Amino acid sequence: MNAGRVLFHPAEGGEEPPPPASRSRLFSVFAVIIRWWAMLGGLITLVLSIMTALSAISNILFDAPFAADYELVKHFVAIAIFMFLPYCQLTGSNVTVDIFTEGMGERGKAAMAAFSSLFALTFSLLLLVQMYGGLLSYIRYRETTPVLGLPLWTAFPPILVSLALLVLASIITLSEGWKGFRSNRPQPPHPIPNE
């Protein structure tokens, strides 16, 4: 396994994935951005986990949990979840039911990958529009969290960035699925280069 690359599903079979398919330079740049965005989501999740553990320890030892830890977790976990979605789309890490495609040929699997990417693209565009409307609504009505007074609209900008990246990831996977269908050799998920 190469240390310089992120591998997809490394636990499955323990083998090196197929070599990467040709991806345009622009798509490669977007893939790296999506990877780093997901890593930032992981960092947020790690910080929240540490904060929750310290709050629990403080509660046990001093009967004084951190003020509003629940509010922060609720606010930032929603952001982190959205931050992982583009990476899951790009790497083919979403939940799938392979029983339906098991007997298909490579071209059929590529067609299904392209179709699912088209569905993901449509769904991500719909979510992007609706979440933008939600942002405008929360800015207009200025709702805040009860303890910290954190404006709820502050969760929306990073979520909108995540959805825009999900749109890009869906376009990338749609393009690769289509290429695989047309060439009769599907483009499998492949490593994202470290840059």
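This is a predicted model: local features need pLDDT of at least 70, side-chain atom pairs count only at pLDDT 80 or more; totals for chains, interfaces and linings use all residues.

Me: What makes up the lining of the second largest pocket?

Reply: There are 15 lining residues, and E71, K74, H75, T145 and L152 are the ones nearest the centre. Elements giving two or more residues to this lining are α2, α3 and α4. The most comes from α2, with 5 residues. Sorted by class, the lining has 9 nonpolar, 3 polar and 3 charged residues.

Me: L152 is in that list. Where is L152 found, and which residues does it touch?

Reply: L152 sits in the loop between α3 and α4. Leaving out residues up to four places away in sequence, L152 touches H75, Y138, E143, T144 and T145. For Y138, the C-alpha to C-alpha distance from L152 is 6.7 Å, although the two are 14 residues apart in sequence.

Me: What about α3 and α1?

Reply: The 36 residues of α3 should span 52 Å, and its end C-alpha atoms are 52 Å apart, so there is agreement here too. α1, with 38 residues, reaches 55 Å from first C-alpha to last, close to the expected 56 Å.

Me: How many helices and strands does the protein chain have, and in what order do its elements run?

Reply: The protein chain has 4 helices and 2 strands. Starting at the N terminus, the order is β-α-α-α-α-β.

Me: Why does S170 count as buried?

Reply: Buried means under 20% relative accessible area. S170 has 0% relative accessibility, so it counts as buried. S170 belongs to helix α4. Neighbours within four places aside, S170 is in contact with Q89, S117, A120, L121 and S124. Q89 is among the buried residues of α2, while S117, A120, L121 and S124 are among the buried residues of α3. What covers the buried residues of α3 includes α2 and α4.

Me: What share of the protein chain is buried?

Reply: Buried residues make up 31% of the 195 residues. As for contacts with a separation of 6 or more, 76% of them join residues 24 or more positions apart.

Me: Is A68 buried or exposed? And R142, buried or exposed?

Reply: A68 has 11% relative accessibility; the limit for buried is under 20%, so A68 counts as buried. R142 has a relative accessible area of 59%; exposed means over 50%, so R142 is exposed. A68 lies in the loop between α1 and α2, and R142 in the loop between α3 and α4.

Me: What is the phi of A68, and what is the phi of R142?

Reply: A68 takes a positive phi of about 65° without being a glycine. R142 is not a glycine either, and has a positive phi of about 50°. In general, most residues other than glycine have a negative phi. Just after α1, D63 has a positive phi of about 55°, and just after α2, G92 has one of about 70°.

Me: What makes up the largest nonpolar core?

Reply: It has 21 residues, and I34, I79, F82, L90, M131, I159 and L163 have the most contacts inside it. Two or more residues come from each of α1 (25–62), α2 (69–91), α3 (106–141) and α4 (156–183). α4 gives the most, with 8 residues.

Me: Which residues does I34 touch?

Reply: Setting aside residues up to four places away in sequence, I34 touches P86, Y87, L90, L165 and A169. I34 is one of the buried residues of α1, and P86, Y87 and L90 are among the buried residues of α2. As a general point, nonpolar side chains tend to be buried together in soluble globular proteins.

How values were computed:
Residues are numbered from 1 along each chain as its sequence is written. Side-chain values use heavy atoms; hydrogens and water are left out. A nonpolar core is a set of buried Ala, Val, Leu, Ile, Met, Phe, Trp, Tyr and Cys residues joined through side-chain atoms within 4.5 Å. Buried means under 20% relative accessible area, exposed over 50%, partly exposed in between (1.4 Å probe, protein chains only). Contact means heavy atoms within 4.5 Å. On a 1 Å grid over the protein atoms alone, a cavity is a set of points where a 1.4 Å probe fits but cannot get out, and a pocket is an open set with protein on both sides within 12 Å along at least five of seven lines; lining residues have an atom within 4 Å of a point. Ala, Val, Leu, Ile, Met, Phe, Trp, Tyr, Cys and Pro count as nonpolar, Asp, Glu, Lys and Arg as charged, and the others, Gly among them, as polar. The expected span of a helix is 1.5 Å times one less than its number of residues.
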